Amino acid sequence: MMVQNSKIVIKGMGLTELQTWCESVGETSFRGIQLYEWMYKKGVERADKMLNISQKFRNYLDEHAILSTLELELATQSKLEETIKYLFRLKDNQFIETVSMVQENRHTVCISSQIGCNVDCDFCATGKMGFIRNLSIGEIVDQLIYVRNNVESPITNVVFMGMGEPFLNYDRVIKSAGIFHNPRGFNLGKHRITISTAGILPKIKQFIDEEQKYKLAISLNASNDDVRDNIMPINKKWNIRQIIKEGKRFSSLKRRQVMFEYVLMKGINDSIENAIELASLLNGVDCKLNIIPYNESDGVYQRPTEKSLNDFLNILHANQNGYRILVRWSKGQDIEAGCGQLIYKEKFATDIN
Ligand code: SAH
Ligand code: SF4
């Protein structure tokens, strides 16, 4: 049980946990169901608004429980699209970012699972921050609650593609996804929840063995181990062959296709040879291939030219067998809200103080 300033953090608790907690403080277990719905289905963050709960218990909640884990520090709206980047302050004065993207009938929210990341992919701004700590379930869920309470379009999809490596905070990420999926919570379909991993092999295996029904995305980002070793040091531990093997297993057991993400970077992994290699690597693999043109941040990596992107795609299409190709242009480029651009910058702090 998480305690902060002698209060109990109930945001993030699952249904049974809330029921047990209610009983332990002299309430019925039914109160636990009511609390679950007030917090996750209705997004209410103050006890005095929980109208079907007795005044006595509302007072108790006020005094003893924490119902909200983050505070908005800054919201930046893109001028180009319906994309908003939120910077949240946590109770320990750390910061995380969340991105809301609305496009036609789709509202996708990209959420963070850790503060920083220690997987250390060379091209990723979050990786450059280093690792600070894992987020709690409450902090993960509150990102979605905030967006739902503040953006009119109903949320249709949630992706664990913000800051951090979700599979290094596995249990909390899975429990948060459970709250998103639960009909008494967010009631989002299981295929509307995607978890993206850099390739933490034992956790991918666990995810498959546990028959988790959420969508799985794996960041491949290279067509051979030499390149992947260089840009993603984690490849030295778990290589391309191993992650593709598990990806295949996921596709075959779940009748859901695994998605491989491939961030295209100029002069790194965007050559004709790389395209041919990638096509043969995925030959006959039941998967989706998501090509993401690199979003530039402060580092040395660059987005490929339009021509090399097209040449690359042409080769993939010509050799296509078993996989589907999608190109994902990140939203919110003008506000640094794209994939891999999430980093809490010191300059924010000076801008707003
Ligand atoms: N840690 C997880 C999820 C967060 S990153 C993972 O690595 O999968 C989400 C996606 O953004 C990953 O596919 C990653 O390879 C990609 N990415 C990282 N930096 C990027 C950048 N600057 N431009 C485009 N995509 C980037
Ligand atoms: Fe971490 Fe993903 Fe960035 Fe790699 S790409 S450093 S795993 S957030």
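Buried means under 20% relative accessible area, exposed means over 50%, and partly exposed lies in between (1.4 Å probe, protein chains only). This is a predicted model, in which local features need pLDDT of at least 70. Residues are numbered from 1 along each chain as its sequence is written.

**Positive phi**

- Most residues other than glycine have a negative phi.
- Glutamate 211 is not a glycine, yet its phi is positive, at about 55°.
- Glutamate 211 sits in the loop between helix H7 (201-209) and strand S12 (215-219).
- Its relative accessible area is 48%, so glutamate 211 is partly exposed.
- Asparagine 187, also not a glycine, has a positive phi near 60°.
- The loop between H6 and strand S11 (193-197) holds asparagine 187.
- Asparagine 187 counts as exposed because its relative accessibility is 51%.

**Helix pair H5 and H6**

- Helix H5 (residues 137-150) packs with helix H6 (residues 170-181) at an angle of about 40°, and their axes are 9 Å apart.
- The crossing of H5 past H6 is right-handed (the near helix is turned clockwise from the far one by less than a right angle).
- H5 brings Ile137, Ile140, Val141 and Leu144 to the contact (heavy atoms within 4.5 Å).
- H6 brings Arg172, Val173, Lys175, Ser176, Ile179 and Phe180.
- Seven residues of this contact are nonpolar, one is polar and two are charged.

Key
Chains are lettered from A and ligands numbered from 1 in the order in which they are written. This is a predicted model: local features need pLDDT of at least 70, side-chain atom pairs count only at pLDDT 80 or more; totals for chains, interfaces and linings use all residues. Side-chain values use heavy atoms; hydrogens and water are left out. Axes are lines fitted to C-alpha atoms, for helices over the stretch in contact, and angles run from 0 to 180 degrees between N-to-C directions. Helices (H or I, at least four residues) and strands (E, at least two) are DSSP runs, numbered from the N terminus. Ala, Val, Leu, Ile, Met, Phe, Trp, Tyr, Cys and Pro count as nonpolar, Asp, Glu, Lys and Arg as charged, and the others, Gly among them, as polar.
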